[in-house]
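Please look over the sequence and the structure below before reading on. The report then takes up a few local features in turn.

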Amino acid sequence: MALVYLDYAATTPLDPEVQQAMREVEGIFGNPSSIHRFGQEARRVLEGARERIASLLGVRPREVVFTSSGSEADALALLGVALAKGKGHVVSTEVEHSAVLGALRLLERLGFAVTRLRPDRLGLVYPEQVEEALRPDTILVSVMAANNELGTLYPIREMAEIAHAHGALFHTDAVQAVGQVPFRVDEVGADLVSLSAHKFYGPKGIGALLVRQGVDLFPLVPGKQEGGRRGGTQSPVLAHGMAVALEKALRLLPEESSRLLALRRRLEAGLLSVEGVELNGHPERRLPKLVNVTVKGADGEALLLAMDLMGVAVSSGSACSAGSLEPSHVLLAIGRSPREARASLRFSLGRYTTEAEVDRAVEVFREAVARARA
């Protein structure tokens, strides 16, 4: 049985070219902070990766802070800014990634005020909502660039302008956007941007927080590395892999975006042709790769298991909340009932997805729905 992987929003396979590029530098084992030749060789690879990433995303090299993941980058952005300020008000949304929501809960426990904006039924949050939520003591606005469950794209450039007009910083979790849609920090105008290599066919275990020069950030991991903003010995090999993966993803983006959009429409048409299946999220303002549907009257776990047994891998939402009995907070926020949220599936396409795989997924979905309703 040929297996079909349609969970690219959770993670992407390591691109063979990226893997080969990492092998070419894996023998460089020195500590980048050491002054001898082994350390300097490692630093050359690390800083080369930093320069490539900076150039590709429209920032200065010293504004790239390597982290272990996108989740760590999110935590560093919110907690780092808030702890540096000491007090104040933060604006975000109800549909952020769990890393952002967790950081917001911690900020509330530390005495910070937090406003979470509610999306409409299509999953959209509007600049006007940000403006209405701002207060004299607002220090930070954090709104993701693309939702990891719905694929919804948010007007972050307008939101950043509004935040800046009121003297607040703007952070965006761009983990699902970078490498998937056109994105440059100098065009978006964000002060802080989170990204993760394994979302664009790079290695797991490395992400980055892009921090505009002049933004004061309290380090969550004390140390001298990364300009004192994130302690811990860096991995030149992972950084190099991240840079190579990002370069390739952006090079392929125009062609790949068109191809994925065509595949998404093909998949969507097939899924929605099944009785009782409804689309979640905006029909157009969405990542090319992602389709989220609710199957009325079905059991979501049974659907997932049935599809997996028939060789098609999809998910019920964010991989970071897999195994949780709680319904998706994103689907609840857009008005789905707990039962409907549990009966929802996320299909996400990628670089290696074919038309035949999409057609197979629709065929398996039809059979799984029939079984789940039996």
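This is a predicted model: local features need pLDDT of at least 70, side-chain atom pairs count only at pLDDT 80 or more; totals for chains, interfaces and linings use all residues.

## Aromatic pairs

A search of the whole structure finds five aromatic pairs. In one of them, the ring centres of Y5 and Y8 are 5.1 Å apart and the planes stand at 65°, so this pair is classed as edge-to-face.

Through ring pairs, Y5, Y8, Y201 and Y352 are linked into a cluster.

## Y201 and a second residue with positive phi

Y201 is buried, at 7% relative accessibility, and the face of its ring has R351 lying over it, 3.8 Å from the ring centre. The backbone of Y201 also deserves a look, for its phi is near 70°, a positive value in a residue other than glycine.

E226 likewise is not a glycine and has a positive phi, of about 55°. This residue is found in the loop between β8 and α8, and with a relative accessible area of 5% E226 is buried.

E63 is placed in the loop between α2 (37-57) and β2 (64-67). Is this residue buried or exposed? Its relative accessible area is 6%, so E63 counts as buried, the cut-off for that class being under 20%.

A polar atom of the E63 side chain lies 2.8 Å from the backbone nitrogen of R60. When neighbours within four places in sequence are left aside, the residues in contact with E63 are L209, L210, V211, R212, Q213 and R229.

## Nonpolar cores

The largest nonpolar core has 65 residues, and those with the most contacts inside it are F66, F170, F183, F200, L210 and M242. Helix α8 (residues 236-272) supplies the largest share of this core, with eight residues. Apart from this core lies another, of 29 residues, among them L267, V274, L345 and V358.

Not counting residues up to four places away in sequence, F183 touches L57, A145, I156, T172, A174, V178, V188 and V193.

## Strand β3

How many residues of strand β3 (residues 89-93) are buried? The count is five of five, and the strand is accordingly described as mostly covered. In a regular strand, side chains alternate between the two faces of the sheet. In β3, H89, V91 and T93 point one way and V90 and S92 the other way, and all of them are buried.

β3 pairs with strand β4 (residues 113-117) in the parallel sense, over five bridges. Within that pairing, V114 of β4 is the bridge partner of V90.

Terms used: Residues are numbered from 1 along each chain as its sequence is written. Side-chain values use heavy atoms; hydrogens and water are left out. Rings of Phe, Tyr and Trp (its six-membered ring) pair if their centres lie within 6.5 Å; planes under 30 degrees apart count as stacked, over 60 as edge-to-face and the rest as tilted. Buried means under 20% relative accessible area, exposed over 50%, partly exposed in between (1.4 Å probe, protein chains only). A charge sits over a ring if NZ of Lys or CZ of Arg is within 6 Å of the ring centre and within 35 degrees of the ring normal. Helices (H or I, at least four residues) and strands (E, at least two) are DSSP runs, numbered from the N terminus. A polar contact is a pair of N or O atoms within 3.5 Å; within protein, one must be able to donate a hydrogen and the other to accept it, and residues adjacent in sequence count only if both atoms are side-chain atoms. Contact means heavy atoms within 4.5 Å. A nonpolar core is a set of buried Ala, Val, Leu, Ile, Met, Phe, Trp, Tyr and Cys residues joined through side-chain atoms within 4.5 Å. Two strands pair if DSSP finds at least two bridges between them.
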